[in-house]
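Okay, thanks for coming, everyone. Let me put the structure up, and then I'll walk you through a few spots.

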Amino acid sequence: MTPQKVKYLIIALLCCSICGIAGSYLTNKFTGRDYQMDEISIDSNAALILNTMKQTSSKNGIKKWELEAKSARLLRKENRVLLNQVAVIFHLNDGSRIHAKADTGILFTVTHDITFSGHVTVHDTTNELRTEQLHYKKKSHTIYSEVLVTITNGTSSLQADSLHFDLNRHVIQMDGHVEAHFLSSQKDQS
């Protein structure tokens, strides 16, 4: 091939490329439909909105809790994150774990304290706690509730007006109208 033919070939390819791009543009412009975005909402209070959120909190290199939420809204001016369908795993000193779940929650960004609300459940391997609101204080590594709580396992049930659980010492204190119910086993009934 001579340099003259190469030059004509390059010019022909360049013209074909330009025609192809122009043709695609014109075809899309006249036959394509406009894209419309529905259900757009602007949240002027939130600095950040996440579809999912995961966070781990540690102290002196020791994991204290792991948090997951289906959605989160960071309210920077209020120093808090609003959480939906939140689940937290609390790590205890002996290596065991306590799992907490709630419909909603608030993570306070300065203190890393958490408030759980709506169908709150907390469980370990044998016991389950149910309440409508629960609070976690990171500094003392404690959870507490100032509303009715119920703790159940296979054979007993405890109810109280309030609860304080020191996760470091594994000590639970229940206050207010405390009630205990014990189920008898089949062997005890005979």
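Predicted model: local features only at pLDDT ≥ 70, side-chain atom pairs only at ≥ 80, totals over all residues.

A pair of aromatic rings is described by the distance of the centres and the angle of the planes. Searching the whole structure turns up two aromatic pairs. Take Phe90 and Phe116: the ring centres are 6.5 Å apart and the planes sit at 75 degrees, so that pair is edge-to-face. What does this pair link? Distant parts of the chain: Phe90 is in strand 4, residues 80–91, while Phe116 is in strand 6, residues 114–123, and they are 26 residues apart. Both Phe90 and Phe116 are buried.

Now the other pair, Phe90 with Tyr136. Here we have 4.7 Å centre to centre and 40 degrees between the planes, and the pair is tilted. Again, distant parts of the chain are linked, with Phe90 in strand 4 and Tyr136 in strand 7, residues 128–137, 46 residues apart. Are these two buried or exposed? Phe90 has 0% relative accessibility, so it counts as buried. Tyr136 has a relative accessible area of 1%, so Tyr136 is buried too.

Okay, moving on to strand 11, residues 162–166. Four of its five residues are buried, so strand 11 is largely enclosed by the rest of the structure. Which strands does it pair with? One is strand 8, residues 142–145, which runs antiparallel to strand 11 and is joined to it by four bridges. If you want a landmark there, Thr142 stands opposite Asp166. Another is strand 12, residues 171–175, also antiparallel, with five bridges. On that side, look for Leu163 opposite Met174. Strands 11 and 12 form a hairpin with four residues between them, and His170 in the turn has a positive phi of about 60 degrees.

Last stop, the surface. Which residues make the nonpolar patch? Met1, Val6, Leu9, Ile10 and Leu13 do, and the patch comes to about 530 Å². Met1 lies in the segment before helix 1, which spans 3–31. With 76% relative accessibility against a cut-off of over 50%, Met1 counts as exposed.

That's my tour, so let's go back to the picture and chat.

Definitions and conventions
Residues numbered from 1 in each chain as written. Heavy atoms only, no water. Phe/Tyr/Trp six-rings, centres within 6.5 Å; stacked < 30°, edge-to-face > 60°. Helix = DSSP H or I, 4+ residues; strand = E, 2+ residues; numbered from the N terminus. Buried < 20%, exposed > 50% of the residue type's maximum accessible area, 1.4 Å probe, protein only. Patch = residues over 30% accessible without salt bridge, like charges linked within 9 Å, V, L, I, M, F, W, Y side chains within 5 Å. Areas by Shrake-Rupley, 256 points an atom, 1.4 Å probe, with all protein chains shown as cover. Salt bridge = Lys/Arg side-chain N within 4 Å of Asp/Glu carboxyl O. Pairing = 2+ DSSP bridges.
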